[in-house]
Amino acid sequence: MQRRDFLMTGAAGAAMAAVNEAPPKGKAGACIYIWLGGGAAHTDTWDPKVRGDGKKKPGSYYDSIDTAIRGEKVCEHLKKSAPLMDRAVIVRSVSHGISAEHAAAANLVHTGRLPSGTLQYPSIGSIVANQLGARTEEVPAYVVMGYPNIMRDPGFLGAKYGYVYLTQTETGPTGLIRPPDVDLNREDRRETLLGKMREGYRKRNAKDEVVEQQDAVTRQAFKLAGPKFLNVFDLKREAQALRESYGGEFGQRCLLARRLVQSGVRFVEVSHNLNFLNGSGWDTHNEGQLNQHLLIQELDSAFSTLISDLEKNKMLDSTLVVVATEFGRPPEFDSGGGRGHQSLAYSMVLAGGGLKTGQVVGRTDDTGKKIVEKRVSIPDFHATIHCALGIDPHKNMFAGERPVPITDRGQPLRELFS
Amino acid sequence: MRLTALPLFAAAMALCAETGPVRVEIFEDLPKGSELAPGEAKPVFVYSEPYFAFPRIPTKYSGEALPLDRSVPFVMRATMEGALPAGKHVFRLRSRGAAVLTVDGVEVARTAGQKPNTSSDDPVPPPVVHDDSGRRPAPYPHQDAVAEVAGGKTRRIELITVIGGKGLMPTPGELSVSFGPAGKVERLLGGADAPMLTDEAWDGVVAQSEARHRTADRARRLDSSKDVVARWRQRHDAVREYWKSRPVAVPAATAGYPANPGIDRFLAAKMKASTVAPLASISDLEFLRRVTLDATGLIPTAEEVRAFQADPPATRRAKAVERLLADPAWADNQVSYWQDVLAENPGILKPDLNNTGPFRFWIHQAFQDGVPFDRFVTELVQMEGSAHQGAPAGFAQATLNDAPMAAKADILAQAFLGQKLGCARCHDAPFHPFKQKDLFSLAAMLNGKPMKLPVTSTVPVVEGMRKPAVQITLKPGEIIEPEWAFHDLIRHNDGAPAPTDGKVDSRRQLANLIVSPQNERFAKVVVNRVWKRHMGLGIVEPVDDWSRAKASHPELLDFLAREFVMSGYDIKHVSRLIFQSHAYQRKPVEQLTEQQTTAEKRYFAGPLRRRMSAEQLVDSLHRAAGKEFECEELNLNPAGDRSPNQFLNMGKPSRAWQMTALSNERDRPALALPVAQSIVDVMTAYGWRQSRQSAATQRDDAASPMQTLILANGVLGTRMIRLSDDSAFTALALKDAPLTQLIAETFLRVLSRPPAPEELKSMRELLEPHYAGRKVAGAESAALARKTDTRVSWSNHLSAEATRIRMEEERNLRMGDQPTNRLKPAFRERYEDALWAMVNSPEFVLMP
């Protein structure tokens, strides 16, 4: 059943001992999962160290600044977020064993498991959709802003727990927005005609269960694509100043995430995948390093505005914000001035969600290379997210008759729960 | 100047006259450094081409007809002799890799070799520009080398080129030589009727080359595998001898029950003793739609419906069955099923998620070539051929898997023996009579030698802690011998006909044990799978796990298994028996009650109501609209400057089974393939798995709102109902015919039936007001304008320009296909809305 991550953690005894304790139960009802695809350098963001020189001397690429957590610093380009860090938890000791390949690591950080060849494991978004469901029939449970791919899939849970996605905020969710040439008049005409076709077919197959089911989802579908949900995507309804404060396309996605959560969506993944800002995205090999500060600044504007906006709307306690990435990067620079991959010690962030925030969990050494305090595995990190959402991370899901625990023996970070 | 003297060129030489005057030789394993000078080296293959354009190289096959890799690199030499007209001529060599063009032994043009590229943030090259000549510009990263050659006498023209190499794709790209007067567009070197080097003509060159080589490949592999075919025939004769002594008694006909001989008598015998009655037969047209989907994965064309209706009522169903089983599309419709069952899971980008090779191409080829199913299984188990080009060697792969052969043993046992061993991957199976050792001893047979249990394939037992809920009898690191685990199915195959060739390795032994005629489980599992595909429910359920299963009709299962074996392991024969049965031709069961879920109460009063599979839906939409399957090449390295281990080129799909996971785990806009994504979106909603990390027989067939939405509002649905100039509906609407005929024809195309009176009425009300004046006088048909920018490749995908290009393509795609100018918008939109309603009605996706 659960096999591999266990062995990578090497913390078997402790993990086993804790299994029997009841997991904490948080009160958050939704999660916004910000994805920094490519592997964000922890020493250049949430875990600053002594500065390096961009060449021979390892270290952070930027200066650091104080945060609202006493004695804790972040990178100077996170200056809007720094004063809000008391609403957040920096986990500086995330660790796993996959650093060679982005897809494999990203898959691990989304599903909490390595592929086994016997099952396809669901993404954390699909698990949350499966466990909590959407708040209303008029919205989906799980929305992705980014490209559809395997790591976001529902796996053995089935297509029902898949996501609605969009790749650009201006075009809206795929499949839910009318094609550009279809106005209300045509839509009305179409649905009237379809109504007649459906009625005839239903009548000819009056007692057929499968016909009834397919017809029922057709009915339900048009409710989902109704104005209530689609209006959520109309960002023009927000104040111009707020929109500007969120920033560019990534910021607009974060704003949309807040609106989606407000409408009843449970899990929103927001991808920060606009790699052209620095020529490499967060995968800062070689020259990608030079303009990495542009990415960090964009993250800063969006993240800080999201936190304040959620707070202003009294949603911060009930909305968990996660900043996740597939791995960090080593303190050394490569020959092109960028950084390689490092998965054994890096940072991810949790904010709001009713957690005891204003804390730092785990420590790395003076260069950010090794963990010196409290290793947090991906299953542990997932367990913390689930607990914040009131989901028992040890509960079984079922792939046919095979029980599969929600996390692979993940232990929540208990210090974050009161 | 027109190339008036060219006929001379064509007539002068035909070194190999089959398809054209250009003699082509393929060389492999030439000494390093001498690739561009093969001299008198012996070619491994010689063939001919009609002209100097080589978008496709013949596939190399093993004696078993499995695709093989050529050497890295390999060399091609193309030669032609002919009289060159007097005057000066421009010769244009276009190549992605190293090539030399000589005339009468003198070098006139040369292109440099391609270098493997390790970058991902190169700049996107400037757009290719069309000059005034109308010539197709050299696509990135091809080079043109131009030479002037004097004519007036017979010349020998020779092209030598190196294809592939370390870190390069083993494909020729747009390799060509053309010639013509200076400053004008050239003609491909060949004959007077050779195509010009223009964009339009090149598309045709590629399509014709593909079609020609596909046919030639097939003929060649059938020829090369003649001995193998003969050996399997002999084996089947021996197998028939073995089974002859074990006849299955077919019950007598039951009075009052409809019964075609065979299947129906078994069903009637059981039904008679119950309160269940067989359901009524479906109508002829319903039958045609159902059986066309079951046989070919497509809805019938309007022409097929009409021809069917013209046949005598007494024989039209039987005739349709024969026609459909002989349709080449039959093979297409087999592929996706076996992709699921055998967990075919290729990745086009640095495969690392339990990925396999693309052995879909071999699956298709096997069904196309009528490979008997026992041979199919044997070749699969042997896992030979080219891993990247679609042979069974691709089945052996399992990236990022700690025990690939254990994964494969599990897949094979489920697929062909009904033994579900998945739980035994890490511990003894809690719900099955299997121990972990059973799986690993099979895995060791695939491994060819004893295997060590990986420490990662176990459940940890920690001293003093709670015991795991499962039994563990193997220790990590324990050595497991290759051994057959299923002695209750067959102890050994001593009594069975001997293997067909001299191979005795443990993979071959395993294959022999699986397909041995003494192992009756194999034939039963396979026929039960076929039965379930057509009837919606197995005689044994679940079809992949027989450990606790009971057959609803054990004698029928024996009968079908025997038919299968006696036919020479021909799946088509089993399908034929089922299609011909009354049971298959009945109305669907309306409610899935107890009689359908327990073996005792399962009667097959009718088949289950099934939804089209994702592939059937996508292919049927294209068939209804009469549109070609349009999609980008499934390849994230069109520049060809990366290793095929890292970037798989899966080609340009023409049927939905050829789609694949688009592997954008990096989430980068420039890695998106927007058209492919729009197709994958529909398929995913309808239960297709973009990732097949494990075997699955039963897809997720739950109805969900996303199915309706993606079809109603998504790009593919919008494109299929759009009245563009390539739409069959546009052609229908332009015909001079009464409106009722347009409506009737449309219903036939989409729903395979005439409209009901009230449907006719509502469609008339919608379309009538604009029908008479629907045409735009003088408007012309326009070609499909959408093009994929092939400048974007892995080597530059991180650049801002690459991102901009793909995002723009994504935006443009949302507009759908360009509407025709030949129909006035007022009519066009109404007719599109009518099509939308028909396609989105549950009737379209649910089979009769």
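What radius of gyration does chain A have, and what would a compact globule with 418 residues have? Chain A has 22 Å, which agrees with the value near 22 Å for a compact globule of 418 residues. The radius is taken over C-alpha atoms, and the globule rule is 2.2 Å times the number of residues to the power 0.38.

This is a predicted model, in which local features need pLDDT of at least 70 and side-chain atom pairs count only at pLDDT 80 or more, while totals for chains, interfaces and linings use all residues. Residues are numbered from 1 along each chain as its sequence is written, and chains are lettered from A and ligands numbered from 1 in the order in which they are written.

## Chain A as a whole

Along the principal axes, the C-alpha atoms of chain A fill a box of roughly 75 × 50 × 40 Å. The chain contains eleven helices and 14 strands; helices (H or I, at least four residues) and strands (E, at least two) are DSSP runs, numbered from the N terminus. Of its 418 residues, 60% count as buried. A residue is buried if 20 or more other C-beta atoms lie within 10 Å of its own, exposed if 12 or fewer, and partly exposed in between, with C-beta atoms placed from the backbone. Among the contacts in chain A with a separation of 6 or more, 71% are accounted for by residues 24 or more positions apart. Two residues are in contact if their C-beta atoms, placed from the backbone, lie within 7 Å.

## Helix 9 of chain A

Helix 9 of chain A comprises the 15 residues 249–263. At 1.5 Å a residue these should span 21 Å, and the end C-alpha atoms are 21 Å apart, which agrees; the expected span is 1.5 Å times one less than the number of residues. The helix is mostly covered, as eleven of its 15 residues are buried. Among them are A:Phe250, A:Cys254, A:Leu255 and A:Val261, together with A:Arg253 and A:Arg258. The cover over the buried residues includes strand 1 (30–35), strand 5 (142–145), strand 7 (267–271) and strand 8 (319–324) of chain A, as well as helix 8 (240–246) and helix 10 (292–312) of chain A. Just after helix 9, A:Gly264 takes a positive phi of about 120°.

Elsewhere in chain A, A:His96 is found in the loop between strand 4 (88–94) and helix 3. A:His96 is buried, with 24 other C-beta atoms within 10 Å.

## The contact between the chains

In the contact between the two chains, 74 residues of chain A meet 85 residues of chain B. On the side of chain A that touches chain B, helix 1 (4–9), helix 2 (12–19), helix 3 (102–111), helix 5 (184–204) and helix 6 (209–224) each supply at least two residues. Helix 6 of chain A gives the most, with eleven residues. By class, this side of chain A has 30 nonpolar, 27 polar and 17 charged residues. Ala, Val, Leu, Ile, Met, Phe, Trp, Tyr, Cys and Pro count as nonpolar, Asp, Glu, Lys and Arg as charged, and the others, Gly among them, as polar.

## Features of chain B

In chain B, the axes of helix 12 (residues 404–417) and helix 13 (residues 436–447) come within 8 Å and cross at roughly 105°. Axes are lines fitted to C-alpha atoms, for helices over the stretch in contact, and angles run from 0 to 180 degrees between N-to-C directions. Helix 12 and helix 13 of chain B are therefore roughly perpendicular to each other, a term for angles of 65 to 115 degrees. The contact involves residues including B:Met405, B:Ala409 and B:Ala413 of helix 12 and B:Leu439, B:Phe440 and B:Leu446 of helix 13. Its residues divide into nine nonpolar, one polar and two charged.

| Residue or bond | Angle | Loop of chain B |
|---|---|---|
| B:Val72 to B:Pro73, cis | omega about -5° | B:Pro73: between strand 4 (67–68) and strand 5 (74–83) |
| B:Tyr140 to B:Pro141, cis | omega near 0° | B:Pro141: between strand 8 (106–111) and strand 9 (143–150) |

B:Asp104 counts as partly exposed, with 13 C-beta neighbours inside 10 Å, whereas B:Ala343 is buried, with 26 other C-beta atoms within 10 Å.

Definitions and conventions: Parallel < 35°, antiparallel > 145°, perpendicular 65-115°, else oblique.
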